[in-house]
Amino acid sequence: MSFFRPEAVAVLRTWGIPAAFGVAGVFLVWHGWRMSSQGAWLGVVVIALGIFCCLALFGAVERAFTAWRGRRGGPGIVAVQEGRISYFGPWGGGIVALDALVEVEIRTNDRGPFEDDLFWHLKDSLGQELLIPGGAKGTEDLLDILGTLPGFDHLAVMRAMGSTDVARFPLWAKRGSAALPN
């Protein structure tokens, strides 16, 4: 049990390191200013300002990485149960039976890393399409279940995970489907 509120912990995790960089930079500038009154002002001020600039740069970079690491999951929840893949999110969702799947692909865009830039696209024999953000809670189970489909292209998954462009990566198509030859 924590004695700190979860909101306070979240703020400290997000802003703690950049704040430490800022405090250190302010202290160095103040110390350089104080030393300049003792006569060695030029060297101390230049060094203090240089260190301050480096710390500010590192702080900004760290803030960006902290925001990126703090991304816990995309919108919605994925569940894989009894041969069915379900996704429910704030803008829709649905359920697709594994034995009714005819196409599986990954679509990527160029909006990452601060927005979802990878989406699983599933299509079933009834024409229902399900678009699942790659950051949604439970997507790690998708690869486990879809990877068992015969002819599933695992290399395309790896290429899609590294893509930063708008692209489609076909992973699997049911034999006899007009979509993709397998």
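The lining of the second largest pocket comprises eight nonpolar, three polar and three charged residues; here Ala, Val, Leu, Ile, Met, Phe, Trp, Tyr, Cys and Pro count as nonpolar, Asp, Glu, Lys and Arg as charged, and the others, Gly among them, as polar. This is a predicted model, in which local features need pLDDT of at least 70, side-chain atom pairs count only at pLDDT 80 or more, and totals for chains, interfaces and linings use all residues. Residues are numbered from 1 along each chain as its sequence is written, and side-chain values use heavy atoms, with hydrogens and water left out.

The protein chain contains four helices and eight strands (DSSP runs numbered from the N terminus, helices being H or I of at least four residues and strands E of at least two). From the N terminus, the order is α-α-β-β-β-β-β-β-β-α-α-β.

Among these elements, β6 gives the largest share of the pocket lining, four residues. Of the 14 lining residues, Tyr87, Trp91, Phe119, Leu131 and Pro133 are the closest to the pocket's centre.

The largest nonpolar core has 24 residues. Such a core is a set of buried Ala, Val, Leu, Ile, Met, Phe, Trp, Tyr and Cys residues joined through side-chain atoms within 4.5 Å, where buried means under 20% relative accessible area (1.4 Å probe, protein chains only). Leu101, Val104, Trp120, Ile132, Leu146 and Phe152 touch the most other members. Leaving aside neighbours within four places in sequence, Phe152 is in contact (heavy atoms within 4.5 Å) with residues including Val104, Trp120, Leu143 and Leu171. In the whole protein chain of 182 residues, 28% are buried.

Note on methods
Buried means under 20% relative accessible area, exposed over 50%, partly exposed in between (1.4 Å probe, protein chains only). On a 1 Å grid over the protein atoms alone, a cavity is a set of points where a 1.4 Å probe fits but cannot get out, and a pocket is an open set with protein on both sides within 12 Å along at least five of seven lines; lining residues have an atom within 4 Å of a point.
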